[in-house]
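Please examine the model shown here.

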Amino acid sequence: MREVTSSFNAEEVEAAVRSFWDTDNIYAQVKKQHAGSPPWFFVDGPPYTTGHIHLGTAWNKILKDSILRFRRMQGYDVIDRAGYDMHGLPIEVRVEQELGFSSKKDIETYGIDKFIEKCKDFAITHKEIMSDQFRDLGIWMDFKNPYQTITPDYVEAAWWTLKRAEEKGLLERGYRVVNICPRCETAIADSEVEYWDETDPSIFVKFPVQDRENEYFVIWTTTPWTLPANVAVAVRDDFTYARVRAVKDGREEILWIGEPLVEEVLRKGRYQDFSILETVTGDALIGMHYRSPLEEQVPIQKDVHHRVVYADFVTMENTGLVHLAPGHGWDDSLVGQKEGLESLCPVDNAGIYTADAGIFAGKFVKDADQDVMDALGDNLLAKKKITHRYGHCWRCKTPILMISTEQWFLAIPKIKDKMLAEIARVEWQPDWAGSARFHDFVAGARDWCISRQRYWGIPIPVWECDACDARKVFGTVAELNEAAGTHLTDPHRPYVDDVTIPCTCGGTMHRVKDIFDVWFDSAMASWATLGFPRKTAEFERLWPAAFITEGQDQTRGWFYSQLGASIIAFDQAPYNKVLMHGFALDAEGRKMSKSVGNVISPEEVVAKVGVDVLRLYLLSASAPWDDLKFNWEGIKTTNRTINILWNVYRFPLPYMILDAFAPETAADGTWDGEYVMAHLPEMPEEDRWIISRVNSLAAQVGEDVDNGMLHRATRSCLTCILEDVSRWYVQLVRPRMWLEEDAREKREAYETMYYVMRRICSNLAPFAPHITENIFANLRTDKDPESIHMLSWFAGDATLIDATLEAEMGVIRSFDEAIATARQEGGRKLRWPIGEAFVITDSDAVENAITQMDELARQRANSQAITIVRGAWDRMGCSAEPVMRGIGPEFGKDGPKVKAAIEAADAATLKAAIERDGEVSVDGFTITEKHIAFSEKMPENIFASEMEGATVCVDITLTPTLEGVGFSREVVRRIQEMRRQLDLNVEDFITADVVITDNRVRDLLAGIHEDGIAGEVRATTLSITPVAGETGEGGLTTEWNVEGVTITIHIQKRGQ
RNA sequence: GGGCCCGUAGCAUAGUUGGUGGUGCACCCGGCUGAUAACCGGGAGGUCGUGCGUUCAAGUCGCACCGGGCCCA
């Protein structure tokens, strides 16, 4: 053992620990230690390899690391392979930016192969950066060999899964309305759409009614560009619609408008006059036909049989009639399918009108809004602007378009029941994450669009014949090579695109051009990380995962994608237990974002307080599933607690070193609480108490971690260090550390402190792996394992837990606080003894505790005697308080009156009556002891304070003896202060001369207490005299004023 | 617009079946002085987001609203 620095230096300690881990290869050793033990299969939710990690990512990994470390210490062989999500549009966008590209054409010109290589470099570079950042947070996961979604074996896992979907008839292809980003020229998932306000046209349009002269349906839309695709108008059958004769600039026309909206619409169209010709319900309109106002400009519109249909989503807003373009809207396409409407989509993936769009062909749709409005001519009834929430591509921020495109889907609704059943089977922490949130999401899930028209991703392994309808899905590269007679190694685009297969019909099969949505990539993680399907042994041994944990955003993300894919592949959820965690927010509870400038980086916190404080803060600040409001105050508090842990640890070290203390060990030299196990019954009660506390703590922490309550586990540890060890045990045990001789009490104190530190560090090790490792390195015996992380999890020993003792000590601590309060009230310092303290109580528990620990209680109280008073104390007055818990149920509505009556009555009279008769009548109410609580009132010469179950009174009257002790304590304190000023060592001896001119005070001290003072301050000679004698050279002389008495003290180190 | 979660003192957090709202930090006052750039005690500080309701009694139960978060539309 060595002494340590006076305050915790995180940077130094953590650097030392990190270098120890590196040089001695501790992580690998710990893994090796558990090889062959029961496995615990964890799957890392793969972070996306772009940019740097943020506080939320740090929290995520710290939660994982803490739980993994805990399971390792429990003896499991933990599968802790890290993972990275490395494909996808975000990386393409970054590479495009680097290369200055703005469209897919640029990529194709540059060369898909070169582009893919750039994307791969980007992903790998950033993977390395992130791994380093995670290592810097003390994360122990396999970063040397992480699973990566871009490796050929991973790609095969996705291929294999798609093949399963095809075999089960769950792979579908169709024209569907999807969000597309016209810049990225690809479908994007709903989750990739970001909404914010956008200003768009808001137009009212007249659709001429078939075979009726000058009669129109009036519709409203914010997307003029979708009008070339209009095929129907929707109404509600139960709404009332008006047929209106409207007059504008002398011309009359007949308009159909929702009845409540007539005036408003006509005002917008600047009509001067109108009259309602008739009103009908919507069902009368359904089936009516109309013509497109754009049939001249968009010839395909001439062939469309436009009609009025029913749709339940119509509301009585704007005009009450809704323009339907099944090629450009999800709701529209659903109605279209039901009604058998045509679906027009004269727009391509880049948002450019196709030839079908007539005069608009070749234009970008958003730019064509004005052209469409112009083309409408007189059929444009009114034109305004509207600001509304509109979706945007999450990467490039381009407004999205809804268009009908050919995509690949997984038919999730067909497996929904199985998914819901599996959700019910999985254990969720907290429960509502599964039973409510995830359940509801899956219950409403639709087909999953898995295709993207991009480059950097897993190619969809579907080959289609150019001559017939045949298609084939390949589950492995080998299978493909065999069918094609090729030797493909990298399954990425563009290489895989060149592979063709001869079709049985004589035609040639080509791969479809699409790649997978990245959500599909990560969905395979649980079997891809085990090398499945190439290798099956590990999969059969380990799958499904014992545990995963991710943020609440992954409900619709990774929790969902994994479940869907796994049901398709194996009819079973890929995880047994899921902990859903929250988001890291700023101190105001707002999302951290670069634009707001409220981002806190993990590095920033680590630079200030170190990794372990960040870890403990993140783990303890809130329940995992709640959002975490980052707060620097909280960081500071945690830092302070860690510093206290450090102080508690270093406090006994100088004494232990001085005495060459070595803890009792087992025969093989390892330590496992040997002394405590052998000697517990005869150890002092405060030792038995802290040992009991530490064992209770361990049991609690283990249970909390099991239940995902990391916040409780860490808070319990920190509280125990602060409250039980620092504020209480260390205070009690200090005098025993100072004992000179080889005393048994001292040995027991050392063994107990050693035990406490070892056990608490072991419990804290999963959460704060550095400081605990550092402390352990200094405390361990030569034969103990090299690292704290090689120890077995200490789960607490029930035989060492003494609940009664813990309760009794609780009473003493409550007593201690009450004494301090009462003394402060009476203005009597703790240093000055009092003659007597009284504990007035009716509680056996209080009496027993104080009696059992009389010496400790007297010592803490600095009182010569403690007297227990049962029942009433004759020197005590009393007051009464109503107990609503008792009054309410019995008196009901009269409760408040009874309360008032009790408050108004004389307490002593009530008490006397109840004690005599068991009841008393107040204002006509019969009051018994359950309705009233009596408390005591102090006499004036006594100071009192409440403790749990008792009232503590101190008598602060001074006697000459007490005053003598008080002054002697004052002198001791002054001499100790002077020793400190002279910077003397604990073991140095001094000579001391105390000059007190006040005869009375000198007499109080002289003779009675000289020996005691001399011993406490390590003075070989100590004189108390009325005048200063010869003091010689050196030393220190100080004049003190103690309670108005002048005391001059000279001390000198012996041997000088 | 819908689902789930959160909203308790300046900050953070506890509050089991409804029964006079606890704790830590910060603040102020004091103590201790062989853990001392540490430690301990006390005090002050609360419209329990807002409103309505159920009840003798609501932080707790119900409804509505406000604010924040995640997700969906």
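The dialogue below begins with conventions and then turns to individual residues.

Visitor: Which conventions apply to this model?
Guide: This is a predicted model, in which local features need pLDDT of at least 70, side-chain atom pairs count only at pLDDT 80 or more, and totals for chains, interfaces and linings use all residues. Residues are numbered from 1 along each chain as its sequence is written, chains are lettered from A and ligands numbered from 1 in the order in which they are written, and side-chain values use heavy atoms, with hydrogens and water left out.

Visitor: How many salt bridges does a search of the whole structure find?
Guide: A salt bridge is a side-chain nitrogen of Lys or Arg within 4 Å of a carboxyl oxygen of Asp or Glu. Searched over the whole structure, the number of salt bridges is 63.

Visitor: In which strand does the salt-bridge partner Glu-406 lie?
Guide: Arg-173 and Glu-406 form a salt bridge, with their closest N and O atoms 3.2 Å apart. The pair links distant parts of the chain, 233 residues apart. Strands (E, at least two residues) and helices (H or I, at least four) are DSSP runs, numbered from the N terminus. Arg-173 belongs to strand β5 (residues 171-181), and Glu-406 to strand β17 (residues 401-410).

Visitor: How many residues apart in sequence are the parts that Arg-173 and Glu-464 tie together?
Guide: A salt bridge joins the side chains of Arg-173 and Glu-464 at 2.2 Å, N to O. Because Arg-173 lies in strand β5 and Glu-464 in strand β21 (residues 462-465), the separation in sequence of the parts tied together is 291 residues.

Visitor: Is Glu-295 buried or exposed?
Guide: Glu-295 forms a salt bridge with Arg-291, their closest N and O atoms being 3.3 Å apart. Buried means under 20% relative accessible area, exposed over 50%, and partly exposed in between (1.4 Å probe, protein chains only). Arg-291, at 34%, is partly exposed. Because the relative accessibility of Glu-295 is 15%, this residue counts as buried.

Visitor: Why does Lys-636 count as exposed?
Guide: Lys-636 is part of helix α20 (residues 632-650). Lys-636 counts as exposed because its relative accessibility is 53%.

Visitor: Which residues are linked with Arg-693 in a network of salt bridges?
Guide: The network of salt bridges includes Arg-693. The residues linked with Arg-693 are Glu-723, Asp-724, Arg-727, Glu-806 and Arg-813.
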